[in-house]
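This report walks through one protein model, beginning with a single residue and ending with the chain as a whole. Please keep the sequence and the structure in view while reading.

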Amino acid sequence: MRNRLIIGVVLLALTTAGTARADIRLAYVDIQRALNLCRAGKDAKGDFRGRIERLQSQLEGQQSEVERLKDELQKKGALMQPDQRQNLEQQYTRKLRDFQDDYKSTRETLQQKDNETTGAIVRDLATIVRQIGEKNGYTMVMEKGNLLWATPATDITDEVIRGYDATNAKAGTLSGEAAAGGGSEFGSGPRSRASAPPPASSAPPPSDEGGSHSTISK
């Protein structure tokens with residue numbers, strides 16, 4: 001809301017000044033759509049899902065072993081010798097702890113990778129936005145998420161996607177140019193999503209469904 005109020009004040013000032021300066025040009029970019037549809041974003045999303053599938057398979061194997069030990073302890077524990085039962089309980093406790101630790105580590109690893117890749121692509125997109133803005137003489141290019149309303153004619157998202165794809169650049173390699181060129185980049189890079197609490201033994205493996213922030217996993 002604070003960002004929108006600031007944008008509103010800036011636009012009001014520009015509109016007031018527009019009576020004296022007719023060369024003001026405004027545009028906006030839908031960063032989430034650009035992130036999802038650009039080639040680098042699609043490639044990153046495919047790689048991200050592959051990582052999830054591999055990690056899920058690993059965690060499911062651990063979870064199955066934990067459940068097997070739990071079931072054996074419940075069904076046979078009362079019939080075991082004290083030392084056998086104690087050994088099984090220790091084994092179950094160790095396997096459960098390992099599973100919970102790996103689950104938490106996996107969530108953090110996936111989130112970090114998602115944030116790093118998203119940040120690299122967003123910075124590249126900012127470079128393209130700056131280039132298009134300078135080429136076409138835009139006074140300001142805003143991010144759609146900070147707008148209350150804008151005419152569709154001022155949406156340059158498709159042009160940004162085409163421009164980025166045309167570079168065939170590896171994600172993150174254009175960001176240095178953006179920093180050297182000056183101007184403001186839209187967005188502030190990836191934002192961390194809340195991590196899930198450590199699961200119980202019956203908790204499912206992590207998925208790639210996140211919050212509402214811009215990420216390649218959306």
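Is Y103 buried or exposed? In this predicted model, Y103 has a relative accessible area of 6%, and because buried means under 20%, Y103 counts as buried. The residue F99, at 0% relative accessibility, counts as buried too.

These two residues also belong together in another way, since F99 and Y103 form an aromatic pair, and the structure holds 1 such pair. A pair of aromatic rings is described by the distance of the centres and the angle of the planes. For F99 and Y103 the distance is 6.2 Å centre to centre and the angle between the planes is 55 degrees, which makes the pair tilted. Both residues lie in helix α4 (residues 82-136), and because they are 4 residues apart there, about one helical turn separates them.

| Residue | Relative accessibility |
|---|---|
| F99 | 0% |
| Y103 | 6% |

Another feature to find is the second largest pocket, which holds about 180 Å³ of space. Of the 10 residues that line this pocket, the closest to its centre are L26, W149, A150, T151 and T154. Strand β1 (residues 26-29) gives the most to the lining, with 3 residues, and by class the lining has 8 nonpolar, 2 polar and no charged residues.

Turning to the whole, the protein chain has 6 helices and 2 strands, which follow the pattern α-β-α-α-α-β-α-α along the sequence. Of the 218 residues in the chain, 33% are buried, while the chain exposes about 13000 Å², with carbon and sulfur atoms supplying 50% of that area.

Conventions. Residues numbered from 1 in each chain as written. Predicted model: local features only at pLDDT ≥ 70, side-chain atom pairs only at ≥ 80, totals over all residues. Heavy atoms only, no water. 1 Å grid on protein atoms, 1.4 Å probe; cavity = no way out; pocket = protein on both sides within 12 Å on 5 of 7 lines; lining within 4 Å. Points joined across faces, edges and corners; volume = space filled by probe spheres on them. Nonpolar A, V, L, I, M, F, W, Y, C, P; charged D, E, K, R; others polar. Phe/Tyr/Trp six-rings, centres within 6.5 Å; stacked < 30°, edge-to-face > 60°. Buried < 20%, exposed > 50% of the residue type's maximum accessible area, 1.4 Å probe, protein only. Areas by Shrake-Rupley, 256 points an atom, 1.4 Å probe, with all protein chains shown as cover.
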